[in-house]
Structure formats: structure tokens, C-alpha cells
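Here are my notes on the model, point by point. Please read them with the structure open.

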Amino acid sequence: MNRWIKKITSVIIMIAVLASAAGCRKTDQPAAGGTGETAGTAVSSAEEEPAAADEGTPADDNESDGEEVGPHDDGASGEKPGSGLQGMDYAAWINSDVQAFVQSTAGEEVRLEDDFHLYVNRDWIMNTELPSGYASYDPISARSMEVDGQISDILRNPEKESDPALIHDQELVQKYYKMWMDWDARNELGTEHLKELLTPLMEVDTLDELTEYLSMPRTAISATELLQCDAGINWNNADYYTVYVMPVDLIFGDSMYYEMMEESDAMAEPYYDTVIRHILVEMGYTDDEATEILKGCFAFEKDISKYIMTTEEQSARDAVVKQNNPRTMSELEAEAGDFPVRAMLAAYGADGSDTYILTEPEWLEAMDVLYDETNVENLKDYLICYTAQDYATLLDRECYDTYYEVINGISGAVGTKSDEKAAADAVNSFIPSQLGRLYADKYVTDETQQEVLAITKEILDEYRVMLAEEDFLSEETRAEAIKKLDQMQLRIAKPDKWEDDSALNITGGDEGGNLIKAQDEAGAFWISQLRDKVNQKVDRTYWTSKIQQVNAFYDPSQNCITLCGGILGGDLYNPNMSKEELFANVGDTIAHEISHAFDTTGSQFDEKGNLRNWWTEEDQKAFAARADKLAAYYDEIEPFQDVNCVGSQIEGEAIADLVAVKILLRIAGKDSSFDYDKFFRNFSESWRTITTAQSEYYTLLQDTHPLAYLRVNAVVQQFREFYDTYGIRKGDGMYLAPDQRLEVW
Ligand SMILES: [Zn+2]
């Protein structure tokens with residue numbers, strides 16, 4: 001039984017509908033397919049997923065994530081949450097990401113030696129206001145706002161581009177932007193087009209009819225399916241694509257929540273009861289009919305959730321190995337039984353793949369049982385509800401406002417994003433590469449690319465020396481690690497080559513188009529791209545990340561780091577920064593991403609991106625012991641009273657945080673003029689965050705990254721340079737006894 005279950009309240013369950021997929025360093029999932037090559041897998045970044053109505057999914061909005069108190073009634077009271085470990089020699093810090101907690105310390109003295117992150121950032125945390133519509137704010141958000149401004153300029157630019165490829169991209173992004181902003185047209189259309197889309201499904205009465213519906217060739221991602229599939233880099237042969245076959249998404253996100261949720265709980269959740277109900281009623285269902293549809297949807301979700309991995313299971317060390325189940329089509333069909341897996345894959349043109357990877361065999365077996373005449377209504381209800389909520393933000397104003405009222409209620413955010421910003425976000429998630437090419441052309445210079453490449457190479461060189469010196473490893477394993485480092489692909493700032501998207505067209509508002517239709521049109525293009533990859537060799541010159549995002553990634557299935565153009569500007573990067581500032585910002589990001597190649601998940605992939613064990617058994621044990629110590633350390637930290645970190649969930653990211661600073665300090669050590677105080681302060685400032693208690697609690701439960709204040713305090717206290725710079729001693733809050741200090745690499 002999961003340790004969190006007893007703590008779940010209605011608010012917390014609802015927070016689960018808000019996956020943190022918006023642009024921040026929280027999203028650099030270290031798992032395979034992280035760049036969207038296997039978009040839609042349990043191990044890919046939702047952000048990159050070219051799914052229908054991406055913008056409309058609740059899983060896409062952590063900037064406005066957020067109800068009343070959140071996890072604990074005393075969350076914002078004068079008590080010091082997270083101080084449960086005071087008296088022990090570690091982690092005696094308050095959770096200084098939560099503004100209300102820090103404000104409660106007003107008038108108290110804070111010593112640098114006791115809580116470094118709070119000391120450095122207290123004034124900023126106390127005095128910074130959460131922007132309207134945001135549940136959290138940090139330097140990444142600030143940079144994202146700048147990038148938003150640049151994107152707005154692109155979307156409203158009245159001058160026509162001259163390059164033919166850019167002309168096409170400009171037309172696409174501006175058409176979609178105009179349709180998004182045209183509330184008169186959206187209000188007039190209401191849910192009409194959505195209804196049209198769902199009519200064939202609504203007419204289904206029998207299992208055969210459902211099969212027929214699911215077998216209709218998908219020219220577009222027109223509605224939610226009962227499985228997810230995508231072409232992604234084959235974990236077992238990284239030169240080629242394979243087709244990943246994956247479970248459906250659940251409305252409340254983590255399958256763990258369904259374990260203790262009964263029908264009456266779900267029906268009372270505002271996301272079900274308000275958002276989806278509102279759309280159903282607007283579509284013409286009576287309130288009672290809507291209730292029945294919601295109940296049917298929940299019944300299916302509850303049944304299938306038992307066979308879908310929880311977030312905790314998905315972030316476990318063995319998750320990738322468990323999900324790597326190569327299959328042939330006939331093997332899939334045998335396991336799927338009555339569930340028409342071949343027909344559904346054929347509907348996407350993905351039935352001719354030589355190989356498949358079935359990520360969750362138990363789910364497929366369960367679908368065999370659930371795909372039954374007696375269940376037709378529930379299956380239909382799920383498809384209707386999921387599709388309805390998926391499009392919630394693309395419908396009329398009432399649907400849109402209802403959605404955000406509920407989402408703000410959950411995340412604690414106050415106010416709303418401007419339409420301008422929301423429209424830009426919508427374009428950004430709908431046709432990201434088209435916007436990206438325009439962004440690269442205007443805002444990402446070759447000079448930036450060259451400068452950042454040079455810093456990256458300096459960091460890689462130090463990694464090579466460090467790996468060669470790792471005396472806890474055998475010669476053999478060290479050689480493999482260095483080979484992996486040397487073959488790492490570097491994607492810095494912007495790509496040289498862009499995919500041909502001339503076949504992608506959308507109908508503009510003045511040509512009879514609308515936002516839902518545009519999703520269909522773009523969906524047809526994405527599905528054709530999927531089909532074109534089946535059985536094909538991977539072309540690694542193409543990028544799969546949105547370059548305009550303020551983020552960076554490591555993708556183990558390609559052994560590749562990506563630093564997006566968006567992150568290389570503003571306060572995060574400029575060429576005039578001092579070495580200390582560069583290291584604290586872009587240097588840390590680069591070193592962090594590289595280290596994902598060697599964290600507990602990344603290290604299971606080889607230099608080409610194959611899931612191949614290149615470790616000797618003994619070395620693997622030694623590495624696991626070091627990672628276990630790190631996980632156990634985080635397990636003891638208590639960011640909210642009685643709620644601890646889950647070390648196993650965040651270990652990959654925590655390892656990356658730790659190794660990044662280690663590498664930077666190794667380089668710094670060669671420079672006698674390096675100003676450590678300046679570096680550590682800038683580093684701490686780069687992670688300063690204000691957030692609502694609700695949003696923070698959600699991050700703690702669901703995110704694979706440590707909380708921001710821990711990305712500073714729990715990291716710097718591992719290094720001698722920190723102790724030397726500030727004279728930290730036994731008894732200080734930042735002190736950790738030498739034998740307790742962490743070192744994974
Ligand atoms: Zn990371």
C-alpha cells in the first residue's frame with residue numbers, strides 16, 4: 001500500500017489532473033523517448049507529445065495549477081512546516097519555496113549557516129508577487145515570459161516572411177492564433193464541432209459496432225482511443241523505429257488515486273462534476289444523462305486503473321526494463337484476446353511494424369476482459385468524457401472559464417493568464433516546430449550556439465577525467481562510460497535541419513475552419529509522420545524538442561542532450577556573464593543534462609541508445625549502493641509536516657543535480673581566482689521559487705525532480721568547497737557529517 005494514500009484528500013486527488021508539463025526545468029524527464037520520439041509512452045515527456053488538443057488537456061498547465069489549503073490545514077499558518085527534523089543534523093530547513101511559509105518567518109533571524117537557500121533568497125521570496133494565473137514563479141518562469149513576448153511578436157507580425165518554408169510556417173501559426181483569439185466565432189460554434197466529432201461514437205450500441213468505430217482509419221486524432229500508440233526509437237535497436245503500444249491516460253492522472261476513490265468521490269470532484277459535466281450539458285445531454293456518462297466513465301477508469309502503473313512505479317529504477325516487452329503482432333493479438341489491437345493499430349497505419357514494444361502487458365490482458373458486451377456503455381462513456389475534457393479549452397468562453405475556475409481552485413493560482421498568453425501557449429503546443437523555426441530564425445543566433453557549445457565541451461572534458469578516475473568501478477565499466485560520453489550527441493540552441501512540413505495545412509477561420517477542425521487536420525499530418533516511421537531507420541539530424549521552450553533535456557534512447565534556444569537568453573544566459581554566473585546558470589543546466597546519461601535510469605542505456613546493460617555485476621551493485629544512500633537521504637527530508645520526499649521517485653534528478661555541481665566545482669578548482677561565494681549565491685538564486693502550498697504539494701507527490709529549495713540546500717551541503725567558503729560547522733543547519741555526505745559519481 002502506498003504511503004501517501006492515507007493523506008489523500010479531495011484536493012490532492014484533483015491536483016493529480018495537473019501534470020507539471022509546462023516549461024521549466026522540472027520537465028527534463030530522464031527516461032527514454034524524452035524528446036517525444038516515443039511520444040505518449042509512460043516514459044516520454046508529455047510536453048513534446050503531438051497529441052490532439054494538447055493545449056486543452058489538464059496535464060499541460062502547471063503555470064496555472066492549483067484550492068484552498070492544500071495538503072494540510074496548517075499549511076499556511078505560523079508553524080514551521082518541514083521542521084520536524086530539527087535537532088537532527090540534517091534537513092532542518094523550512095520549505096522555502098512556499099511563500100506563505102517564508103512569510104511566517106518574518107522578524108526571525110535566518111543564518112546562512114543554517115539555511116543557505118532561505119538566507120540568500122528570503123527578501124525576494126517575501127516580496128515577489130505571484131503573477132496572475134500562476135501557481136508558481138521562478139527564473140525559468142521569468143524567462144518564459146520574455147519568450148512569450150517574442151512569440152507574441154511572431155504571431156502578430158504583419159510583415160510577410162520571405163523564405164518559402166517560413167512563409168508556410170507563418171501562415172499556419174497565425175491562422176491558428178487568430179482562430180484562438182476569435183471569441184465571437186468560438187462562442188457561436190460552442191460544442192457543435194465536438195458533437196460532430198463524437199457522433200459516430202454516440203451511435204455505437206454493441207461491441208461489434210464499437211470495434212467498427214475503433215477500426216475506422218484515423219486520418220486524424222479525432223477522438224481518444226482505448227490504447228495509445230506511437231513510433232519511437234527502438235529500445236532494443238536504437239538505429240530503427242518501433243511502435244510502442246501503451247495504456248490509455250486516466251483523467252485523474254496517477255492510477256494510484258483510483259485505488260481509494262469510490263464513485264461518489266469521483267462524482268464530487270470539480271474536474272468531473274464541473275468541467276466535464278458542463279461540456280456534456282452544452283453538447284445537449286440532460287444533467288441526469290451527464291451523470292450517467294460520468295459514472296460509466298469512472299467505472300471503466302476504476303476497473304482499468306488497477307492494471308496501469310502508478311507514477312511511483314513508472315519512476316522506479318526497474319521501470320524501463322519492465323516496460324520493455326518486445327512483441328510481434330501475433331503475440332500482441334494473442335495477449336489482447338477480444339480487444340481488437342490489430343484493427344486499432346491498423347487505423348493508424350501502424351499494423352505493419354516488424355516489432356512492437358508493449359509497455360504494460362497486464363493492461364493489455366485486462367483489456368481483453370474489459371472489452372466485453374456488458375461494458376460497451378462504460379467504454380463509450382470513457383471515450384466521450386476523455387475527449388470532452390481534452391478539448392475543454394478550445395471551445396467557447398463559458399467552457400474555457402469553467403475549466404480555469406476549477407484549475408485555479410485546485411492550484412491556488414489567482415487570476416487568469418491573458419488571452420494573448422493563453423493563445424500563444426496554444427499555438428506553442430499545437431504546432432511547436434513551425435513556431436520553433438520562426439523563433440530560431442528571429443531570436444537564436446549562431447554566436448550563442450557556438451559559445452554554449454564551447455562551454456558544453458569544457459564540461460564534457462571534465463566529465464571524461466572524472467569518469468576515468470572513478471575508482472569504485474572496474475576498468476571495463478569505466479571504458480563503457482567514457483565511450484558513452486564521447487558518443488553523446490549535442491543539440492545546442494537550434495537544429496541545422498527541419499522536417500518537411502509542407503503537407504501540413506489547416507483551414508483558417510475565414511475559410512470555414514475552427515480550432516477543433518484544425519486539431520483534426522494537424523492530426524492527419526502527425527499520423528502520416530507516424531506511419532512514415534514504421535520500420536524505418538532513425539535520422540538523428542532531426543530534433544524532436546520545441547526549441548523555443550525554456551528547458552533542456554537528456555534523451556537516453558538517443559544518448560543526446562538538448563539545450564533549447566529558449567533557455568539561452570535573459571537572466572539565464574548572456575555572453576557577458578562572469579564565469580561564476582555562467583556556471584550557476586547555463587553551466588549547471590548542461591552538466592545536469594549530461595549526468596542523466598549516468599543516473600539510475602540513463603545508465604541502463606548504452607552509447608547508441610540501446611537498453612543494454614554495460615555494467616559488470618559488481619560495479620552495478622556498487623553504483624546501486626551509492627544511489628540507495630542518496631535515495632535514503634531524501635526519504636528523511638520532510639517538506640510538509642509528516643510528508644517526506646520519496647527518494648526513489650526523485651533519485652535520477654537528484655543524482656543529476658549532485659553530479660552537475662561536482663563537475664562545475666572540479667573545473668572551478670583549476671582557477672585560483674574562482675569566486676565560490678559568488679557561484680553559490682548565483683546558484684541559489686537560479687533556483688529561487690515562490691509557489692502555492694497546493695502546487696508544491698503536488699510537485700512533491702508527482703514530480704520526478706526534488707523541490708527547488710532542496711535542489712540547492714541538499715546539494716551544496718555535499719561539497720567541501722561549500723563548507724570552506726562559509727565555515728559551516730557541526731551544529732549548523734547546513735552541516736552534514738562527512739560520512740553522511742552523498743557521492744554517486
Ligand atoms: Zn533532469
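**Notes on the predicted model**

1. Helices α11 and α12 cross in a right-handed sense (right-handed if the near helix is turned clockwise from the far one by less than a right angle, left-handed if anticlockwise). Helix α11 covers residues 270-282 and helix α12 residues 287-305; their axes come within 10 Å and cross at roughly 125°. That makes α11 oblique to α12. Angles under 35 degrees count as roughly parallel, over 145 as roughly antiparallel, 65 to 115 as roughly perpendicular and the rest as oblique. Axes are lines fitted to C-alpha atoms over the stretch in contact, and angles run from 0 to 180 degrees between N-to-C directions.

2. Which residues meet there, in α11 and in α12? From α11 come Y272, I276, R277, L280 and V281; from α12 come D287, A290, I293 and L294. Contact requires C-beta atoms, placed from the backbone, within 7 Å. The residues of this contact divide into 7 nonpolar, no polar and 2 charged. Ala, Val, Leu, Ile, Met, Phe, Trp, Tyr, Cys and Pro count as nonpolar, Asp, Glu, Lys and Arg as charged, and the others, Gly among them, as polar.

3. Some conventions. The model is predicted: local features need pLDDT of at least 70, side-chain atom pairs count only at pLDDT 80 or more, and totals for chains, interfaces and linings use all residues. Residues are numbered from 1 along each chain as its sequence is written.

4. Overall, the protein has 31 helices and 9 strands (DSSP runs numbered from the N terminus: helices H or I, at least four residues; strands E, at least two). Of its 745 residues, 56% count as buried. Buried takes 20 or more other C-beta atoms within 10 Å of the residue's own, exposed 12 or fewer, and partly exposed lies in between; C-beta atoms are placed from the backbone.

5. Helix α19 (residues 397-411) has 15 residues and should span 21 Å at 1.5 Å a residue; its end C-alpha atoms are 21 Å apart, which agrees. The expected span is 1.5 Å times one less than the number of residues. Buried residues in α19 include Y400, Y403, Y404 and I407. Just after α19, G412 takes a positive phi of about 85°.

6. Most residues other than glycine have a negative phi. N559 has a positive phi, near 45°. N559 sits in the loop between β7 (552-555) and β8 (560-564). N559 is buried, with 22 other C-beta atoms within 10 Å.

7. D642 also has a positive phi, near 65°. Its loop runs between α26 (617-635) and α27 (647-668). Is D642 buried or exposed? D642 is exposed, with 12 other C-beta atoms within 10 Å.

Terms used. Contact = placed C-beta atoms within 7 Å.
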